[in-house]
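Hello,

Here is the structure I said I would pass on. Please open it first, then read my notes on the cavities below.

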Amino acid sequence: MNSGFLLVILLLYLGLLFFIAQWAERKGNSKWTNNPYVYSLSLAVYCTTWTYYGSIGVAANSGLNFIPIYLGPVIAFPAWILILRKIIRISRVNKISSIADFISLRYGNSRFLGALVTIISLIAILPYIGLQLKAISETFHIVTQSEETNNVFLDTSTYVAIVLAVFASFYGTRYVDASEKRKGIVTAVAMESVLKLFFFIILGLYVTFYVFDGFDAIYVKASLMESFEERNTVHGLEGGMNWMMLIILSFFSIFLLPRQFHMSIVENNREKHIQTAIWLFPLYLLLFNLFVYPIAWGGNILFEGKDVNPDMFSLLIPQLFDNTFMTVLVFLGGFSAAISMIVVSSITLSTMLSNNLLIPYGVLGSLQKDNQESNSERIVNIRRIGIFLMIILAFIYYRYFIMDFSLVSVGMISFVIVAQLGPAFFGAIFWKRGSLNGAVAGIIVGMLICFYTIMLPFLLSSINPESNFFKEGFFGFTFLQPFQLFGLDYLEPIPHALFWSLLFNSLVYLFVSVSFKGDYRERNYAEMYVDIDKYINNHENAFVWKGTAYVSDIQKVLKRFLGEERTNRALSIFKMKYNIAPDNLMADARLVKFAENLLTGHIGTASAKILIESVTKEDKISLPEVLKILEESKENLIINKKLTETSNELKELSSQLKKANENLVLKDKQKDEFLDTVTHELRTPITAIRAASEILHDDDEIPEELKKQFLQNIITESDRLNRLIDKILDLEKFETGKQKIYPTQGNIVQTISKSLSPLQQLISNKKIHVEFDENQKTTIISYDEERIIQVITNLVSNAIKFADEKAGIIIITLSEKEDEYLKVNVFNNGKVVNPEDLESIFDKFYQSSNQNIKKPIGSGLGLAICKQIIEAHKGKIWAENVQNGVTFSFTLPKKIQ
């Protein structure tokens, strides 16, 4: 492909990313940018060109050995519910913006430790950024089939580096407060994650099912190749140990890489997003690695005997088949993997460089003298310059130091260096005895071991590959061979370096921490880190500080960095939160901590501490005093928690009482309506009987035929009155336990048929279609047939009343559950029950409040009696709204206890 055309495609692609980032920034807290899926996908910044190209190279050369580097994150993610949530809470309440701030704050807010973590991160990540630039340059030349050049101005990666520096400096420094969320960057990275996965899967499908005839075809051909079996085994216990160390390495990396800390902690908007990340990100890694093996061994088959770089199989395979479109897609996927890592890493490192090195050790003094606008501008410019420096230094490193090294080798060394922060990092959140001296000593010793066992050999091999140092060790002591330190000869160089460096790092950290106690500030932050859940809501209360400080002095410092408006607003919120008088002059420990937090995002934890200390006078506190204050703080927190719980319980109780009162009012109202209805129902037949009787009594000459009609009316109304009285008495007997049931063995199908028979005329008059299979088989069970007929008659009568007036349908069905119960369902189309009334519909005072706005028909006793009868049978009865109607169901146990 023509170089100019490919450059145009790259510029258009970068323009798309600029557009997405700008759109996301404008959208702010829109659901399109602030959701768990964007957060989870942004974590895929973990997948760099190493994943995109390097994993294929490893799989091609050593088979399954590419897997461990992804098993670590997969193992780590279930622990995120505990670990990551804890780290996020600590970072949120302390306004932490980088891993350097996180570690240094825990160990007494140490300026030196913050600087040390920053330097180690720079040593680890700058070559890693250079690695991405190297991948961009190499793949560009492969796609365009052009020769690499020593002329920097003709190297594509030069201009890519400049464009990325502009992009990162523009979107990465929009906020002076480094702890602010960068929605534009996060959304752009999430989009890149989707695209690079999509392109890689397309490539995998192309190689597996177009170039070859599926996975089996690749395996069959690959298995015939020399050393196939050797490359695709774990190699016993020794291989297993190598795998274990690589899994530990990747486990540490998912927490400790500055870009991962930034995306997972600093850019986290809501804790609940973690719940999505713990399954989506491992799924993402699985999908990404699904086709690594087929592509790698497909490349081995196609390029057998040819001198090609296995890292580039993903580009070389489609290029071999003249598929330019596929080649460009893969190139864009790799380009996405590279630039997302470069942008996020450069932003993170520039923040660490400014907040933990340049400001506390250089420009802090001058920042104190200027106003807020000038200070903010200088801080932003420092970070912008830092971003440019990061990328330019990485470019220089790539051009002059790692041109001849593979993607994996450079990436692995970076991981080992970053892993030296592990003991201090995890000790910070789980071990209160961990001290500043222990953390510093452990990191330095670990770095020295790391330098001797992997970094020094790496540098020497580029200068003199035949150096005796590799074989004879330091000063000829063979037990000091860098790749076989102390005679350990079965681990490969990376696992070997990781094992010894982490071992010495951890031991020194533990020994020094136990041997030498930290000061009161370390112990204070240890409590606040390890027990963050206790202090999450009122963490300022847990900050131990004694001395003299004036609110006005602290306010002046804050105004230099936050401005007058934001400072006044923050202090007003603080005073309101802790119920402090507006005219209070003296500052306490809470305000000191609050002020430090406000400054932390702008200038880092160490510089914030220095500035506040410059306007306050702190008294020395002994360790026992710290523990006493913390204990009092814990007691206050427990009391506050109990008061809050009691308050919540009272609110809940009040709500329940209010609801109960409303129910009683409703019941009372229904009772009144019920009594009105019953009175009306009783009066109606009595009135009719009296009227007919008076006519018969007063008129002796009434015709015989008319006399019989009046007598029949008296009989009919008497029956009606009798039935109503029976219902009232039945209900009363069931409620008082006087009414008994008399179960006998019966066939429920026949019982239902008997119940339907007297209702046939009414059904016919209303033109209702009834569905019931009278020929179905059912289990013979024990029940009181007379009472069940009463239930079915009531339910069917109810269904007739509320079925659709034009095309009414009633469906009666039976179902059984093994030896437990038999279930009867009565469905009618038409009106449904108000969802709020589905439970109260069986109350004895209930009548539907919405029956086409008409006076309810009936006494309201039918369903109440049904419920009493079914419960007397140890069954259940309920109603539920279904599509186009309502179903009343009841169960009868097959064995009544």
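The second largest cavity is lined by Leu14, Leu17, Phe18, Leu164, Phe167, Ile185, Ala188, Val189, Glu192, Ile339, Ser340 and Val343. This is a predicted model: local features need pLDDT of at least 70, side-chain atom pairs count only at pLDDT 80 or more, and totals for chains, interfaces and linings use all residues. Residues are numbered from 1 along each chain as its sequence is written, and side-chain values use heavy atoms, with hydrogens and water left out.

A cavity is a set of points, on a 1 Å grid over the protein atoms alone, where a 1.4 Å probe fits but cannot get out; lining residues have an atom within 4 Å of a point.

Helices H1 (3-27), H8 (156-172), H9 and H17 (324-367) each give two or more residues to this second lining. (Helices are DSSP runs of H or I, at least four residues, numbered from the N terminus.) H9 gives the most, four residues. Ten lining residues are nonpolar (Ala, Val, Leu, Ile, Met, Phe, Trp, Tyr, Cys, Pro), one is charged (Asp, Glu, Lys, Arg) and one is polar (the others, Gly among them). The volume is about 90 Å³, meaning the space filled by probe spheres set on the points, with grid points joined across faces, edges and corners.

What about the largest cavity? Its volume is about 110 Å³. It has 14 lining residues, with Thr33, Val38, Val186, Glu267 and Asn269 nearest its centre. H9 again gives the most, here three residues. This lining has three nonpolar, seven polar and four charged residues.

Best wishes

Definitions and conventions
1 Å grid on protein atoms, 1.4 Å probe; cavity = no way out; pocket = protein on both sides within 12 Å on 5 of 7 lines; lining within 4 Å.
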